[in-house]
Amino acid sequence: MGKVIVVTSGKGGVGKTTSSAALGAALAQGGEKVVVVDFDVGLRNLDLVMGAERRVVYDLVNVIQGEAKLTQALIRDKRVETLYLLPASQTRDKDNLTPEGVEKVIAALKNAFDWVICDSPAGIERGATLAMRHADVAIVVTNPEVSSVRDSDRIIGLLDSKTLKAENGERVEKHLLLTRYDALRAERGDMLKVDDVLEILSIPLLGIIPESMDVLRASNVGAPVTLADNRSAPAIAYFEATRRLKGENLPITIPGDKRGFFGKIFGRKAA
Amino acid sequence: MNLFRFFSRAQSAPAARERLQVLLAHERAATGDIDLVNKLRDEILKAISKHMQVDDEKVTIKMERGPQVSTLAVDIEIPFDAGKKAA
């Protein structure tokens, strides 16, 4: 039986889709069978970030409405053979996502995969609540920035009330993934520090992903960060987060490039 | 190795530009309900189901939308006695 993970944040643009793709790919690169599900009906983008946009045949809504079988809608990654994508619909309304339909799809995916990663849309509406509904584990993606932290707090509240686990008196396991972190600016006092965010949100830290050009570069070419360049600083950070997700007790490192221009050129190992 | 990596990296923005152009050309065409590839897919399946009971699990459909041409591959397992069952 696979584990269901929701990647959520409340606020848009903080890195949910990037993180869903990177964590999914990292797990699959380690041999696990992974499906990444796009819940952003009407504004799908996971297909683009994973480089499968030209190969979408059917989508989540087609499966829910019975127009296609689940196996027909799944797109297998061309680089990692245990990585699959279930795209969202681009043309349909998000009202086509029914709780019963989502429940059936998630149950079927849990049977076939080790990890089911649900990429939540921004906001706290239907798409977001349905994406988190069946989660065993939630990854709250947060930027060190006031509005993102506030929205994450709101989402944590929803995870504790609107999920199936919460309704059954259990708890969804919650982890914080701090993205777009710039150690230099935090050091200078111009960015919230890791400890500041942790103190405010008080959920355990899964990892810190540095602000990096490599993230944009990966999305340009349609590859998850961990596949585009597996030695880049954000890739290394995602690999470490993945190991923690699998239960490994790995100390958190703050990725930071404190060296100057020449240091950057001659020693790009910093992570 | 690090130096090599730094200088040998190809630009990624041209790839982004090309991918977006192809994708958006297809998406804009689709809003006018003239997404030919989707239409063909549906009609091919409809035509086949007239002659045999189509087992969804035995149908594989693959699409690849390109800048000049798209491809649609419909792979259907047709059992030996399929025609008789439908009759």
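Which pattern does chain B follow when read along the sequence? In this predicted model, for which local features need pLDDT of at least 70, side-chain atom pairs count only at pLDDT 80 or more, and totals for chains, interfaces and linings use all residues, chain B follows the pattern α-α-α-β-β-α. Residues are numbered from 1 along each chain as its sequence is written, chains are lettered from A and ligands numbered from 1 in the order in which they are written, and side-chain values use heavy atoms, with hydrogens and water left out. Chain B has four helices and two strands, where helices (H or I, at least four residues) and strands (E, at least two) are DSSP runs numbered from the N terminus.

Of the 87 residues in chain B, 21% are buried, the term buried being used for under 20% relative accessible area, exposed for over 50%, and partly exposed for values in between (1.4 Å probe, protein chains only). The accessible surface of chain B comes to about 6500 Å², and 58% of that surface belongs to carbon and sulfur atoms; accessible areas come from the Shrake-Rupley method with a 1.4 Å probe, and for residues only the protein chains shown count as cover. Among contacts in chain B (heavy atoms within 4.5 Å) between residues at least 6 apart in sequence, 54% join residues at least 24 apart.

Helix H3 of chain B, residues 36-51, contains Leu40(B), which is partly exposed because its relative accessible area is 40%. Together with Leu36(B) and Ile44(B), Leu40(B) makes a nonpolar surface patch of about 250 Å². Patches are made of residues with over 30% relative accessible area and no salt bridge, like charges being joined within 9 Å and nonpolar side chains (Val, Leu, Ile, Met, Phe, Trp, Tyr) within 5 Å.

The contact between the chains takes 27 residues from chain A and 29 residues from chain B. About 2600 Å² is buried between chain A and chain B, 47% of it on carbon and sulfur atoms, where buried area is the accessible area (1.4 Å probe) that two parts lose on being put together, summed over both. Three salt bridges are counted between chain A and chain B, a salt bridge being a side-chain nitrogen of Lys or Arg within 4 Å of a carboxyl oxygen of Asp or Glu. The side chains of Arg19(B) and Glu53(A) meet in a salt bridge, at 3.1 Å from N to O. Twelve residue pairs are in polar contact across the interface of chain A and chain B, with both residues at pLDDT 80 or more; a polar contact is a pair of N or O atoms within 3.5 Å, for which, within protein, one must be able to donate a hydrogen and the other to accept it, and residues adjacent in sequence count only if both atoms are side-chain atoms. On the side of chain A that touches chain B, the elements that give two or more residues are helix H4 (70-73), helix H11 (213-221) and helix H14 (261-266) of chain A. The largest share of that side, five residues, comes from H11(A).

Within chain A, helix H6 (residues 126-133) is mostly covered, with six of its eight residues buried, and its buried residues are covered by elements that include strand S1 (3-8), helix H5 (99-112), strand S5 (115-119) and helix H7 (146-159) of chain A. Ser152(A) lies in helix H7 of chain A and counts as buried because its relative accessibility is 0%.
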